[in-house]
Amino acid sequence: MSQLPQDLKYTKSHEWVRTRADGSLEIGITDHAQHALGDLVFVEVPEAGRAVKSGDACAVVESVKAASDVYAPVSGEILEGNAQLASAPETVNGDAYGAGWLYRLKPAAGAVQAAQLLSPQDYQKVLDAEAG
Amino acid sequence: MALTERVIYEYSAPGRGAADQWPAPTGEAELSDLPAALRRAEAPQLPEVSELDVVRHFTRLSQLNFSIDTHFYPLGSCTMKYNPKACNQYAMLPEFLARHPLAPESHGQGFLACMYELQEMLKEVTGMQGVALSPMAGAHGEFAGVAMIRAYHRARGDDARNEIIVPEAAHGTNPATATMCGCVVREIPVDTQGDVDLDALRAAVGPQTAGIMLTNPSTLGVFERHIEAVARIVHDAGGLLYYDGANLNAILGKVRPGDMGFDVIHMNLHKTFSTPHGGGGPGAGAVGVGERLLPFLPVPLAAKEGERYRWVSEAERPQSIGRLSAFMGNAGVLLRAYIYMRLLGREGMQKVGEFATLNANYLLQRLKDAGFDAAYPRRRASHEFIVTLRRQARELNVTAMDFAKRLLDYGFHAPTTYFPLLVPECLLIEPTETETREVLDAFVAALSQIQKEAEQEPGRVTSAPHTMPVRRLDDVRAARQLDLTWKPTAPS
């Protein structure tokens, strides 16, 4: 398993969150999550303008093994979904923390602080616990 | 026997056919009322083959089948048990086969009697107050069940209840059903022993709760021990309990969903009551309801008045969610299920649950003894159980899928793989009650042999199957570039 990027925040449900220069958030699934799902064959991303609450299912990733919801880690408004993934879902497998981002979101006021995101160290503990 | 069979188009030769089976030619005059937009510009490309070509092609294909009549088929969550031939024989009586669904009730009393008795038997075995037989598959039954829950809340003016709680150990189809019925799905976790997390459930219920969908035993192959507490929490919040009958085989004749507090249940008659299934049909997803949902049952229902049987229709059931099929659902499947239940009788029904559970626990113990890891080693199996091959994947780089494919070479249909996703590298194994100990032992021997291969020559396992008509299929490419149209390779 590769190193976790240290500049990201994480969730127990295996999403990562990147804070961009303009304060918006970029969200994807972790390398661990893409590995557990296996080769993705379909990705559904949310439409721009949709308001989401923390914990809402707002994207779907589907592999030959399973379909899985991706939850909004932070409340806010969707700015855009990654349109590339419709024709190239494998991007998530190949570059989970980069070109494989799922959507960008403008967080609601105070939402980031309320979201209880995990540091890379704490997410690593979640992974270690799961590995038993 | 040839190990492969060509696509039927590859037998095609111009002008060949089964002339005596052609429909009479249709002239321009008969086609004149057909709107131009609905008429095709060119003839469809159908294979031009002789009758004998067709017979041989499909007979050969059927000989390549892995089926319950030829192989052990421990496909977890699917209940692939033996379908007694007697059920088929009696359902094929000419009086049943030739019955017209629009014939008057007086001309179908025998069939109506069977349907009425089937409703009554299913009520008794599930502990519900009413049963409707018309849903034509498990998913259809689920749809009927959640549609009734919605109709119930609406009839009370309780319109805000649109959330269905689905524990992560529920049947995989439940979230789709709730969504199809216009509800919002709220997933809740299970604890480390596979039971519903009651704190998460308490936090999830509220005035928005329409109901909860549960499978018991759950998809983890264990009996939900907190079921009474779950029922209390959901009922106190004003929601209803939906029982997914996917795993009814485990508790048949032993525990009744009605007694556990469920308000509505669907039964996969094609699974639990042993009619041929798999590959998409035909099924029968009868629904049973408690007192509160009785007015909403779909129609038609079979009723008995004195010594006569009759259909109950919409006019008598103004609150019914309506019709779910043109007539009486999959009548042939319903008949087979009815005959199966009559052949078993009350005592036989109890033995189904007992032997399904005994076989699963025997197989689980033997696999544990052989060194395989149970996903829930401290829990007793229900009718099925989960083995995790996480250790093999990590240490030997041989996955659950590799084991599954190699099993085919040993003459066994693979168990369900990678479901539930909660357990990594899992095999969900359901032996059913109709297998002998010798078959179960042979299955353990095959898995042990594959384990040995994985340790000594892993390539043999990771490149399996070796003896099937086709080798390892590229399922990822098939899903990403779906193309179902046959095209000739090159004109000759």
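1. Strand pairing in chain A. Strand β6 (residues 57–63) of chain A pairs with β7(A) in the antiparallel sense, over 5 bridges. Two strands count as paired if DSSP finds at least two bridges between them. Strands (E, at least two residues) and helices (H or I, at least four) are DSSP runs, numbered from the N terminus. Within the pair, Ala59(A) stands opposite Val70(A), and Glu62(A) stands opposite Ala67(A).

2. Basis of the model. This is a predicted model: local features need pLDDT of at least 70, side-chain atom pairs count only at pLDDT 80 or more, and totals for chains, interfaces and linings use all residues. Residues are numbered from 1 along each chain as its sequence is written, while chains are lettered from A and ligands numbered from 1 in the order in which they are written.

3. The order is β4-β6-β7 in chain A: an open sheet of 3 strands with antiparallel pairing. β4 (40–44) and β7 (67–71) of chain A are at the edges, each with a single partner strand, so one side of each has no neighbour in the sheet. From one strand to the next, the twist averages 25°. Axes here are lines fitted to C-alpha atoms, for helices over the stretch in contact, and angles run from 0 to 180 degrees between N-to-C directions.

4. Chain A against chain B. In this interface, 7 residues of chain B are in contact with 7 residues of chain A. Contact requires C-beta atoms, placed from the backbone, within 7 Å. The chain B side has 5 nonpolar, no polar and 2 charged residues. For these classes, Ala, Val, Leu, Ile, Met, Phe, Trp, Tyr, Cys and Pro count as nonpolar; Asp, Glu, Lys and Arg as charged; the others, Gly among them, as polar.

5. Helix packing in chain B. Helix α5 (residues 109–126) and helix α12 (residues 331–369) of chain B have axes that come within 10 Å and cross at roughly 45°. That makes α5(B) oblique to α12(B). (Under 35 degrees is roughly parallel, over 145 roughly antiparallel, 65 to 115 roughly perpendicular, and the rest oblique.) The crossing is left-handed, meaning that the near helix is turned anticlockwise from the far one by less than a right angle; clockwise would be right-handed. Residues making the contact include Leu118(B) and Met121(B) of α5(B), and Tyr338(B) and Met341(B) of α12(B). By class, the contact has 11 nonpolar, no polar and 1 charged residues.

6. Domains of chain B. The assignment gives domain 1 (86–344) and domain 2 (351–478); such bounds come from an automatic or database domain assignment. Their centres, taken over C-alpha atoms, are separated by 31 Å. The contact takes 19 residues from domain 1 of chain B and 17 residues from domain 2 of chain B. On the domain 1 side, the classes are 9 nonpolar, 8 polar and 2 charged residues.

7. Backbone points to check in chain B. The peptide bond from Asn216(B) to Pro217(B) is cis, with omega near 0°. Pro217(B) lies in the loop between β4 (209–214) and α9 (227–236) of chain B. The bond from Val299(B) to Pro300(B) is also cis, with omega near 0°. Pro300(B) sits in the loop between β7 (287–289) and β8 (301–305) of chain B. Ser274(B) is not a glycine, yet has a positive phi of about 60°. This serine, Ser274(B), is in the loop between α11 (269–272) and β7 of chain B.

Notes:
Two residues are in contact if their C-beta atoms, placed from the backbone, lie within 7 Å.
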